Amino acid sequence: MLPSARLSSWFYAVPPFMAYLLSWYYNGQIIPLLAACTLVMLAWGVWVWWPRLRAGLPWPKGFLPIFMPLWFAWFGVTLFWSGVPYSSWFYFWTLGSLPLAFSIWVTMPDAVQERAWKWFWWGAVGSAWVLSGIALWQTYSGMQHGVDSFVLRSLGPLMDTNSFAAWLNLLFFPVVAVYFVRDSKRLDGFLARRVDLPSLFYLLTLTLLLLAFFSTYSRGGFLAWVCTFPFLIIGLRKTRNFLSRLMLLFGLAFIAFIFYSFIHNFSMFPHLSPHFIASNASTVSRALMWIATWHIFLSHPWLGTGLGSYFLYYPAYRLPGELASAGTYAHNDYIEYLAEGGLINLGFLLAFAGTLMYALYKLLYKAGKSLQLPDDRRLEALGLVLGVFAITGHALGNFIFYNLPLSVLAGLFLARAWRIYGYHGDTQPLLPRLGINHGMIAQMVLIVGVLVASWNLLADGATYALFSDNGWLNRVISNNNQRAIFLMKAANWITVARPLATQPHVYLANAYLTLADQDKALGVDRRKVLIKSALQQYEQGLVGIPRQSGVLSSIGDIYLSQGALLGLDKAQAKRQTLLAWRQGLAINPESVNLRNQIAQLADVQAGHVQAGVDFLRAGLKRPLFPYPRSNLQLDIALTQWRAGEHAAAERTLLQLLRENPAYTPAVTWLMSIHRQAGRHPKS
């Protein structure tokens with residue numbers, strides 16, 4: 001290969017690897033990382049697709065190269081009917097990164113495919129060392145600080161041990177296949193003194209991956225590992241010295257398993273027993289979450305609620321016995337796909353899983369006959385497919401594809417595997433068949449689409465940096481007034497550039513309210529303008545994400561406190577306040593504050609104390625974590641006390657303390673009641 005071609009292949013490998021690295025710490029929260037990762041992938045896609053569009057868009061033949069763009073397009077179409085379009089936008093890129101990465105890689109020029117993969121592969125192997133190092137350091141640091149064995153589980157760069165275990169599985173199986181292929185080519189014996197450095201390097205990589213994998217102590221990851229390994233054995237069984245290497249690999253796995261089992265008091269196998277699974281809180285809560293998710297689907301059966309909307313809908317559907325999760329994901333990608341995108345969305349995921357099964361069948365039983373693949377390439381493809389297969393199975397019990405690095409890497413691994421086992425050349429140019437005879441038209445469409453997406457992603461990254469995590473701004477602009485003015489200007493700009501972004505609208509609304517409250521010298525008309533502007537900004541903030549109970553609570557507060565200024569009489573202001581608060585409570589029935597505010601305004605202040613208490617008590621039937629539940633019980637006691645029902649209030653406090661003995665406000669109040677009763681027996 002010419003030096004220029006080698007350099008070109010290196011450049012083709014850099015963008016996907018940079019996108020992969022940028023995705024590590026996203027975790028569904030740090031939007032600038034998602035924006036940077038996506039922008040790199042889009043730039044890579046333009047680079048790869050530009051000459052193809054000029055040539056009329058010849059496309060690789062086969063099912064997967066057609067299926068993946070359609071899957072990506074489906075994710076994009078769902079944005080138009082999502083119930084929470086702004087949230088869905090981010091999950092469109094997270095979930096869509098798998099088909100997007102696949103579609104770009106398989107369309108790279110043939111001349112650079114092999115060389116580019118070598119560059120990327122060494123980067124992926126290097127990332128395995130880094131991830132393993134992070135896992136081992138987390139274990140060591142936890143042991144140094146005396147972390148309880150139950151909590152001593154490595155997370156890596158992610159926020160969930162199970163997802164990290166899936167990531168390590170994704171890397172483990174391709175590395176095993178490459179190690180077996182490389183080491184089987186040695187002419188000397190398995191235990192010969194001469195050391196093959198590449199084989200030794202892969203063996204050390206596998207050792208680190210196994211240590212890191214078992215440090216997660218993930219039951220789901222372990223089951224996925226166990227269920228995938230037999231396919232690997234079937235594929236590798238004919239390699240030279242197979243049994244010796246397999247025993248060595250099992251020995252390393254056994255040592256890693258025993259080491260971490262010792263740390264965790266040998267609890268893995270007991271935790272896998274049917275009795276434990278049936279009674280364990282984490283698995284029971286999963287079953288309850290899946291039932292609630294099914295109810296979400298039944299409420300939105302055709303097109304779903306929108307990508308990434310699960311955590312916004314779940315509070316209204318959470319079952320009383322489920323208090324073990326934060327309610328962010330359903331811990332089953334298949335049923336979450338069903339709830340968020342309906343049957344079509346689930347159909348795409350099932351079809352993806354089906355293509356993996358078919359690929360395994362071809363690589364295990366047809367590669368030597370119909371595909372005419374040499375063993376080293378067949379096993380390389382098999383390892384890559386098995387890595388993706390392992391995480392696809394793991395997705396039955398955890399959220400996997402909602403992790404950006406897993407989706408990116410799975411798309412790239414599957415693309416490389418398909419180029420080995422499924423590539424049979426390109427189609428004739430597609431654009432002329434569609435009546436488009438000038439590739440420049442398609443190129444301009446691509447550029448416009450990328451520019452629009454990039455504009456929105458940059459605005460989203462700026463929104464997060466300025467309004468979600470803006471501690472850095474305090475060091476840049478130390479003056480509070482200057483910083484506030486800058487943020488207001490930035491918020492005004494972003495509301496124009498990215499109308500669906502919610503945080504700039506909320507920031508402006510809060511700023512207008514602060515100005516109206518602080519500057520009493522303002523005339524009534526100017527204060528009225530500020531209040532109306534704040535109300536308008538809050539309402540605009542509900543366009544991108546309508547299911548925001550906090551924003552609805554603030555809208556109700558404005559009507560309650562500023563109703564007269566807005567020209568409403570008391571009855572109208574009360575009606576508007578209760579409407580906003582009840583909408584917020586319907587979205588989040590777990591909100592103790594909203595429930596108490598509604599009870600006080602609608603019932604207690606009208607003299608219907610018992611009705612207010614009954615409404616508050618109805619909240620106890622909702623699934624509430626211990627501290628919010630205690631807060632609600634305290635609100636009930638306060639309502640009873642203010643109504644003169646002192647004995648009932650004391651009974652409520654005693655019940656509260658039976659459930660939560662460490663709740664300080666109730667302890668303090670009861671002690672005060674008893675002291676007063678001692679000094680004033682008749683009171």
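How many cavities of 30 Å³ or more does a search of the whole structure find? The search finds 1. A cavity here is a set of points, on a 1 Å grid over the protein atoms alone, where a 1.4 Å probe fits but cannot get out.

Colleagues, please note that this is a predicted model, in which local features need pLDDT of at least 70 and side-chain atom pairs count only at pLDDT 80 or more, while totals for chains, interfaces and linings use all residues. Residues are numbered from 1 along each chain as its sequence is written, and side-chain values use heavy atoms, with hydrogens and water left out.

The largest cavity has a volume of about 40 Å³, a volume being the space filled by probe spheres set on the points. Its lining, meaning residues with an atom within 4 Å of a point, consists of Leu34, Cys37, Thr38, Met41, Trp93, Gly96, Ser97, Leu100 and Leu404. Helix H2 (31-54) and helix H4 (85-106) are the elements that give two or more residues to this lining; helices are DSSP runs (H or I) of at least four residues. The lining divides into 6 nonpolar, 3 polar and no charged residues, with Gly counted as polar.

I turn now to H4 and its partner. The axes of H4 and helix H16 (residues 404-421), which are lines fitted to C-alpha atoms over the stretch in contact, come within 7 Å and cross at roughly 25 degrees. The two helices are therefore roughly parallel to each other, the term for angles under 35 degrees.

Note on methods: 1 Å grid on protein atoms, 1.4 Å probe; cavity = no way out; pocket = protein on both sides within 12 Å on 5 of 7 lines; lining within 4 Å. Axes fitted to C-alpha atoms, helices over the stretch in contact; angles between N-to-C directions. Parallel < 35°, antiparallel > 145°, perpendicular 65-115°, else oblique.
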